[in-house]
Amino acid sequence: MTQNGPPTNTFAETPRSRCDFYRRICSLPTVIDPVTGRITMRAGLVGAVMMPTDLAHRVKTRLDVRGVAPLPIIGHPRAAMWTFLVRADIRPIADPEQVARLWEARVVVIREGDIALPSPASDPLMVRTWVSPAISAFRPSGSVVVHCALGLLPGRHPR
């Protein structure tokens, strides 16, 4: 006999249970918007580096080879962007050429403001998925992620 539907004891994840997981297991300072069910956190000790998917995939591959893991990465399918959650250790870049290369490549460093995380609540306006889920409190160095992206961009390589 085969089962035609989901099991009757299926665990139904909620924004609250996901937020609790992010807080307890991943040490992310998350909050839930009571109206939309969106899960967000304020950048501070945790930052983010957002970039187009094609560049992000190459950055992830290079960091995987170097053993930098686990990499918590949020996907934004509609925008074709990925966001790496990182330690907020990125110093302002003084070299105008490097800043221009990052700008042209659409690499954005998020040091302050809200960062949206995937939520089980349905929200047609803001689709977020885990490319590589947050499973612990580990986050790679933001400086390493930015440096890796710069090394993959055309032009002069970072020192």
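Predicted model: local features only at pLDDT ≥ 70, side-chain atom pairs only at ≥ 80, totals over all residues.
The secondary structure of the protein consists of 4 helices and 8 strands. Along the sequence these elements follow the pattern α-β-β-β-α-β-β-α-β-β-β-α. The protein has 159 residues, of which 40% are buried. Of the contacts between residues at least 6 apart in sequence, 77% join residues at least 24 apart.

Helix H4 spans residues 142–152. Because 8 of its 11 residues are buried, H4 is largely enclosed by the rest of the structure. The buried residues of the helix are Gly142, Val145, Val146, Cys148, Ala149, Leu150, Gly151 and Leu152. These buried residues pack against strands S3 (46–52), S5 (81–87) and S6, and against helices H2 (53–65) and H3. At the start of H4, a side-chain oxygen of serine 141 comes to within 3.2 Å of the backbone nitrogen of serine 143. Histidine 147 also belongs to H4, but it counts as partly exposed because its relative accessibility is 38%, which falls between the limits of 20% for buried and 50% for exposed. The C-alpha atoms of histidine 147 and isoleucine 90 are 9.8 Å apart in space, while the two residues are 57 residues apart in sequence.

Isoleucine 90 is also one of the residues that line the largest pocket. This pocket has a volume of about 260 Å³. Its lining is formed by Ile90, Arg91, Pro92, Ile93, Val99, Leu102, Trp103, Arg106, Val107, Val108, Val109 and Arg111. Two elements, helix H3 (96–104) and strand S6 (108–110), each give two or more residues to the lining. H3 gives the most, with 3 residues. By class, 9 of the lining residues are nonpolar and 3 are charged, with no polar residues. Both H3 and S6 are also among the elements against which the buried residues of H4 pack.

Threonine 30 is located in strand S1, which covers residues 30–32. With a relative accessibility of 0%, threonine 30 counts as buried. A polar atom of its side chain lies 3.3 Å from the backbone oxygen of cysteine 19. Leaving aside residues up to four places away in sequence, threonine 30 touches Cys19, Tyr22, Arg23, Ile39, Thr40, Met41 and Leu117. Of these, Cys19, Tyr22 and Arg23 fall within the range of helix H1 (15–24).

In the loop between H1 and S1 lies serine 27, which has a positive phi of about 55 degrees although it is not a glycine. Serine 27 counts as partly exposed, at 44% relative accessibility. Alanine 80, in the loop between S4 and S5, likewise has a positive phi, near 55 degrees, and is a residue other than glycine. Its relative accessible area is 40%, so alanine 80 is partly exposed. The loop between H2 and strand S4 (73–76) contains proline 70. A cis peptide bond joins this proline to alanine 69, with omega at about -5 degrees.

Technical notes
Residues numbered from 1 in each chain as written. Heavy atoms only, no water. 1 Å grid on protein atoms, 1.4 Å probe; cavity = no way out; pocket = protein on both sides within 12 Å on 5 of 7 lines; lining within 4 Å. Points joined across faces, edges and corners; volume = space filled by probe spheres on them. Nonpolar A, V, L, I, M, F, W, Y, C, P; charged D, E, K, R; others polar. Buried < 20%, exposed > 50% of the residue type's maximum accessible area, 1.4 Å probe, protein only. Polar contact = N/O pair within 3.5 Å; in protein donor to acceptor, adjacent residues only side chain to side chain. Contact = heavy atoms within 4.5 Å.
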